[in-house]
Amino acid sequence: MIHPLPIATVIIEDNVSTILPCEAQIPITCDQCEADTNVSIADLKALAPITCQHCGARRAFTQAELEITRLVLAQAGYYFS
Ligand SMILES: [Zn+2]
C-alpha cells in the first residue's frame with residue numbers, strides 16, 4: 001500500500017526549490033576578520049566590491065566566487081538566476 005507523503009515532507013520539498021529574489025541577502029565571510037557581511041544577490045551578480053561591516057575591509061567579488069556561491073546555495077536548495 002502506498003502512503004501519501006506526510007505534510008512535513010511536502011514542505012521540505014517546497015523549500016528545496018526556493019528561488020531567491022535578487023534583493024535577498026547572502027552572508028559573505030570577510031577575509032580579514034572572518035565575520036559575515038550580508039550582501040544582496042543583485043550586488044553579487046553585479047560583482048560589486050564587498051565592504052566588511054565589521055572591520056571595513058574592502059575586496060573584489062569575482063565571477064568565480066559568484067559561481068561558487070551559486071553552487072553552495074544550490075546544494076542547500078536555494079537558487080537565483
Ligand atoms: Zn572584516
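Student: Does Glu34 count as buried or exposed, and how many other C-beta atoms lie within 10 Å?

Tutor: A residue is called buried if 20 or more other C-beta atoms, placed from the backbone, lie within 10 Å of its own, exposed if 12 or fewer, and partly exposed in between. Glu34 has 10 other C-beta atoms within 10 Å and is therefore exposed. This is a predicted model, in which local features need pLDDT of at least 70, side-chain atom pairs count only at pLDDT 80 or more, and totals for chains, interfaces and linings use all residues. Residues are numbered from 1 along each chain as its sequence is written.

Student: Where is Glu34 found, and what is its phi?

Tutor: Strands (E, at least two residues) and helices (H or I, at least four) are DSSP runs, numbered from the N terminus. Glu34 is found in the loop between E2 and E3, a hairpin with six residues between the strands, and has a positive phi of about 60 degrees although it is not a glycine.

Student: How many bridges join E2 to E3, and which residue in E3 is the partner of Ile26?

Tutor: Two strands pair if DSSP finds at least two bridges between them. E2 and strand E3 (residues 36-40) run antiparallel and are joined by five bridges, and Ile26 has Val39 as its bridge partner in E3.

Student: With which residues is Leu20 in contact, leaving aside its neighbours within four places in sequence?

Tutor: Two residues are in contact if their C-beta atoms, placed from the backbone, lie within 7 Å. Leu20, in the loop between strand E1 (18-19) and strand E2 (25-29), is in contact with Ile41, Tyr78, Tyr79 and Phe80. Its C-alpha atom is separated by 5.2 Å from that of Phe80, 60 residues apart along the chain, and Leu20 counts as partly exposed because it has 15 C-beta neighbours inside 10 Å.

Student: What span should helix H3 have, and how many of its residues are buried?

Tutor: The expected span of a helix is 1.5 Å times one less than its number of residues. The 13 residues of H3 (residues 63-75) should therefore span 18 Å, which agrees with end C-alpha atoms 19 Å apart. The count of buried residues in H3 is zero, so the helix is hardly covered. Just after H3, Gly77 takes a positive phi of about 95 degrees.
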